[in-house]
Amino acid sequence: MTIAPPPTTGAIDCDIHPSVPSIEALLPYMADHWRDTIVQRGVHNLETIAYPKNAPLTARPDWRPAKGLPAADVVTIQAQALDPFATSIAICNCLYGVQLLMSEDIAAAFANAVNQWMAAEFLDRDPRLRASIVIPTQNTEMAVAEIERWADDKRFVSVLMLVMDENPLGRRLYWPIYAAAARHGLPICVHAGSAYKHPVTSVGWPSYYTEDYAAQSPAFHNMVSSFICEGVFAKYPDLTVVLAESGFTWLPAHLWRLTKFWRGLRAEIPWVDRPPTEIARDHFRLTLQPVDAPPTVSDFERLMEHMGSDEMLLFSTDYPHHQFDGNAVLPEGLSPTLARKIMVDNPKNTYPRLQ
Amino acid sequence: MNIQVADRSTSASKGKVKQAIADCDIHPSPKSLEIEIYPYLSKRWRSYLESYGFIYRQGFPNGPAFPKGQPDAARRDAYPPNGGRPGSDLEFMREQHLDPNNVQLGILNPLKSGQGLQNSDFAEAYCRAVNEWQIAEWTSKESRLKASLMVPFEDAKASVAEIDHWAGNPHFVQVLLLSRTIEPLGQRRYWPIYEAACRANLPVAVHAFGYGGTPVTGGGWPSFYIEEMVGHAENTQSLLTSMVIEGVFERFPTLKVILVEAGFAWLPALKWRLDKLWHRMRDEIPHVTRPPSELIQEHVWLTTQPMEEPEPREHLLDTIEWIGWDKLLFATDYPHWDFDDPARALPLKLSKERRENFFLGNALDLYGLR
Amino acid sequence: MAKYVVSPAKDIPPGGRKLVEVRGRPIVIFNLDGEYFGMLNRCPHQGGSLCNGQLVGLVQSTEPGEYHFSRQDEIVRCPWHGWEFDIRTGHSMCEPDRIQATRYNVGIEAGAAVTEGPYVAETFGVTVEESYVVIEI
C-alpha cells in the first residue's frame with residue numbers, strides 16, 4: 001500500500017515500538033553472569049500479555065513480517081514508520097517485559113541491555129531515531145543509576161515507565177527518578193502497559209485481552225490523579241509527563257471530576273494550590289494515537305474545545321500497533337494550524353533534547 | 001469521636017424547588033443496630049456480630065482505609081436533631097430533604113447492608129435483615145420512598161434466592177450491588193443474579209464503593225481519599241467494560257443496569273474507545289455482536305451525582321447529548337457530603353421537557369412508575 | 001448604602017456566629033476574637049448554608065508532605081461540599097482570586113450613636129447602654 005505523507009513535513013513521531021526480536025539479541029549486552037543465567041535457566045523472551053504476538057492490535061497487517069516480530073530491525077522501521085510519514089524524528093519506546101520481573105537485580109540487567117541494544121541497533125543506524133531510557137522501576141536507586149548512565153547521550157530524550165507499576169506513579173518512592181529526569185531535561189514517558197503486579201482493573205482480572213487493553217484508559221486516569229495529588233509537579237516544577245498510547249478523549253471529563261473534588265478536599269493535599277485542570281495543561285502531554293474519537297467531525301471539534309489547550313497533543317503513529325489504516329494517522333477535524341502544532345511544535349516544546 | 005453538629009434551622013430552604021424530582025440515591029441508616037436491625041437477625045447472627053463485628057476485605061473494621069472528607073461522609077447539617085446518624089430519622093429527612101426539594105420518588109440505597117462481608121452466610125442473613133428493615137422503617141411509612149433489594153452478590157445462589165423471595169413486592173424497585181466486587185461484574189459468577197433480576201422485572205443498580213480487596217487502581221493503592229473518590233469513576237468504567245465485553249447484555253436482553261454515584265461525563269469517551277476496540281478485536285469476542293455503544297445505549301442508565309462541573313458549564317450539554325438525555329437519572333446522594341442540590345446542580349438553560357425528564361421523567365419511565 | 005443594626009454585640013461572643021436577615025438577605029455574622037465579619041449565608045458553589053459550616057484552621061504547604069496549620073477557627077468550611085472560605089476576606093481557599101463568598105462590612109457602634117441614626121434597626125429595640133453590630137448594605 002502506498003502511503004501519502006501527512007500534510008506537514010518534518011513530523012516528530014513521539015511513540016513507535018521497536019521489538020526485541022529474541023532474548024538472544026540482548027545477550028551481547030549483558031554481563032557474563034546474566035548471560036549465563038539466561039541460558040542456564042532457560043529464561044524466555046520477555047514478551048508480555050499487553051501485546052499478544054498475533055493479536056490484531058499488536059501489528060497492522062501490512063506491518064507484519066512473514067516471520068518473526070514486527071518492527072524488529074532498523075530497515076523495516078525506516079521503510080514502514082519513517083519514510084511514509086516524512087518523519088523527521090521518531091521516539092522509540094521499547095515495550096519489553098523488564099518492569100514485570102520480580103528480582104530488581106535481573107530487571108536492572110535487562111533494562112541496561114535493552115538500552116544498549118537500542119543504541120547499537122537503532123540510534124547508531126538512523127539519525128532520525130531517538131529513544132526513551134528503560135529503567136528498572138523495581139528499585140528506585142537502580143532506576144536513577146540507569147538514567148545517569150545514559151544522561152549524556154542526547155539521543156535518549158525521555159524516561160520510560162508503564163502506567164501500571166507496583167505503586168501509583170505519583171508516590172514518593174519514585175521521586176528520585178523524577179528528580180533525575182528533571183535534572184537532565186528528560187520528560188517522563190508513561191506508556192500503556194502493566195507490570196502485572198496487580199490485576200489490571202480495580203475489580204480483578206478480566207477474561208479477555210480486549211478488556212486488558214480497555215483497562216489502560218482507567219489506569220491513565222488514576223495515574224493523572226496520582227501525579228497531581230501527590231504533588232510531583234509542586235516538587236519538580238520543570239517536569240513534563242508524556243502519556244503515550246493513552247488515548248486522550250477521556251482527559252477533559254476526568255479533570256472536571258478531579259477539580260470538582262479538589263475544591264472541597266484541598267486541605268488533604270494542600271500543596272495542590274491551583275486547579276488540577278491547570279496543572280494538567282502545564283505538565284501533561286498526550287500522544288495522538290490511539291484516537292478514541294467521537295463519531296462525527298463536529299463532535300470531535302467540540303471535544304477539542306473541552307481539551308482547552310492546543311499544546312497537549314503530540315503526533316504519534318504508535319507503529320506497529322494497528323490504530324489506523326493507510327495514512328489516516330490524523331483524525332478528521334484538525335485544522336492545518338493545529339495539525340502543524342501537534343506534529344512539530346508541541347513535540348519540540350515538550351522534549352528539551354529535540355530543540 | 002465527638003462530631004460537632006451544625007445548627008439545622010437554616011439548612012432547608014422552604015419550597016424552593018418547583019420541579020418535582022426523583023432522587024435516585026438516598027442513603028438511609030438505622031438509628032441503632034440493636035433497635036432496628038437486630039429484630040430481623042437470628043440469635044446466632046446477633047451473637048456472631050457482637051463477637052466478630054463486620055469483617056470486609058479491608059483491614060479496619062470501624063471505618064474506611066481512606067478517611068473521608070467529613071465524618072460519616074455526611075453533610076454537616078444532616079445530623080438529626082434527636083440524635084443518630086445522618087439519614088436515620090424519617091421525619092427529619094422529610095423536613096430537610098423530601099419536602100423542600102419536592103422529592104416525588106426517592107430510591108433508598110442502604111450502604112452498610114451486609115454486602116461485601118467476608119462471611120457469606122452472615123452476608124446473606126444481614127442482607128435479608130436490611131431488606132426487612134427498609135420496608136418496616138421506611139417504605140411502609142413513606143410512600144414516596146422505594147427500597148433497593150440487597151443481595152449478597154459474591155454468592156450468586158444466595159442472591160438469586162433473595163431476589164426470588166421478594167419478587168413482585170412493590171416496595172422494591174431495583175436490585176442493588178456495590179461496584180467494588182471480587183471479580184469484574186461481567187464474569188459468569190454473577191450471571192445468575194442478572195437472570196433472576198430480569199425474571200423479577202427489576203433493574204440492577206451498581207452503587208460506587210465496597211470492598212473487593214483489589215487495589216483501587218490497576219497500579220496499586222494511592223495515598224489519598226480524593227484519589228479513591230475520583231477513582232470510583234474509573235472503577236465503574238472497568239465494571240461496565242466487563243459487562244459489555246463478557247456479553248452480559250447479549251445473554252440477558254431485557255437487563256437494565258443503573259450506575260449509581262460515579263458521575264457520568266466519562267461515559268462518551270469510554271463508548272468511543274470500546275467501539276474502536278470491538279472493531280479491532282472481533283475475533284476475540286465474537287459473542288459481542290453489536291457495537292458496545294449500542295449495547296450501552298440500550299441497557300445502561302446513570303445517576304447524575306456527583307455531577308461534573310466543567311468550565312464553561314455548557315460543555316456538559318455536549319456530554320449529556322453524547323450520553324442521551326433519556327439515560328440520566330437525577331440523584332442527590334442525601335445525606336452525604338457530595339450532595340447535589342436540585343436547585344443548583346445543573347445551572348443550564350434547558351427546555352421544560354428536558355428539565356422534567358432529567359429530574360423526574362426518566363426515572364419514572366425506567367422504574368415503571370409513571 | 002444604608003447601615004442596619006442587626007444584633008446586640010453581646011449576642012455574638014468571640015468564636016460565635018449568628019444568622020441575621022437584612023433586606024431579605026440571609027447574612028451570617030462571625031466574631032473572631034472581638035472582630036466582626038459578615039458573609040452572605042450562601043456558598044457561591046451550590047448555596048450551602050455557611051452558617052452551618054465548621055470553623056477550621058488554615059492548612060497550607062510549601063512542599064508535598066509538609067503541612068502548616070495556622071489561624072485556628074478563622075476559616076469556615078461549607079457543610080455540603082467542604083469548600084473553605086477565609087472569614088476575614090471571603091476568599092475561597094481553593095481559588096481565592098476567582099471564587100469568593102459575598103462579604104459585608106460589619107462594625108460595632110455604641111447604643112448612643114445607634115439611637116441617633118441614620119441606622120435602621122428592624123426587629124428589636126436599642127438601648128443607649130449596649131453596643132451593637134451594624135452592617136452596611
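In this predicted model, contacts between residues 24 or more positions apart make up 48% of the chain C contacts that have a separation of 6 or more. Chain C holds one helix and ten strands, and its elements follow the order β-β-β-β-β-β-β-β-α-β-β from the N terminus. Along the principal axes, the C-alpha atoms of chain C occupy a box of roughly 55 × 25 × 20 Å. Of its 137 residues, 38% are classed as buried.

Leaving aside residues up to four places away in sequence, Ile29(C) touches Val6(C), Ser7(C), Ile12(C), Arg17(C), Lys18(C), Val20(C), Tyr36(C), Gly38(C), Val106(C) and Val133(C). Ile29(C) also belongs to the largest nonpolar core, which has 250 residues. Together with Val114(A), Val159(A), Val190(A), Val175(B), Ile226(B) and Leu329(B), it touches the most other members of that core. Helix 6 of chain A, residues 209-230, supplies the largest share of the core, with eleven residues.

Turning to chain B, an open sheet of eight strands is found there, with parallel pairing and the strand order 1-2-3-4-5-6-7-8. Its edges are strand 1 (21-26) and strand 8 (328-329), each of which pairs on one side only. Strand 8 of chain B is joined to strand 7 (residues 300-303) of chain B over two bridges in the parallel sense, and Leu302(B) has Leu328(B) as its bridge partner in strand 8.

Chains B and C also meet directly: 16 residues of chain B are in contact with 14 residues of chain C. On the chain B side, this contact comprises seven charged, five polar and four nonpolar residues.

Notes. Residues are numbered from 1 along each chain as its sequence is written. Chains are lettered from A and ligands numbered from 1 in the order in which they are written. This is a predicted model: local features need pLDDT of at least 70, side-chain atom pairs count only at pLDDT 80 or more; totals for chains, interfaces and linings use all residues. Two strands pair if DSSP finds at least two bridges between them. Helices (H or I, at least four residues) and strands (E, at least two) are DSSP runs, numbered from the N terminus. Two residues are in contact if their C-beta atoms, placed from the backbone, lie within 7 Å. Ala, Val, Leu, Ile, Met, Phe, Trp, Tyr, Cys and Pro count as nonpolar, Asp, Glu, Lys and Arg as charged, and the others, Gly among them, as polar. A nonpolar core is a set of buried Ala, Val, Leu, Ile, Met, Phe, Trp, Tyr and Cys residues joined through C-beta atoms within 7 Å. A residue is buried if 20 or more other C-beta atoms lie within 10 Å of its own, exposed if 12 or fewer, and partly exposed in between; C-beta atoms are placed from the backbone.
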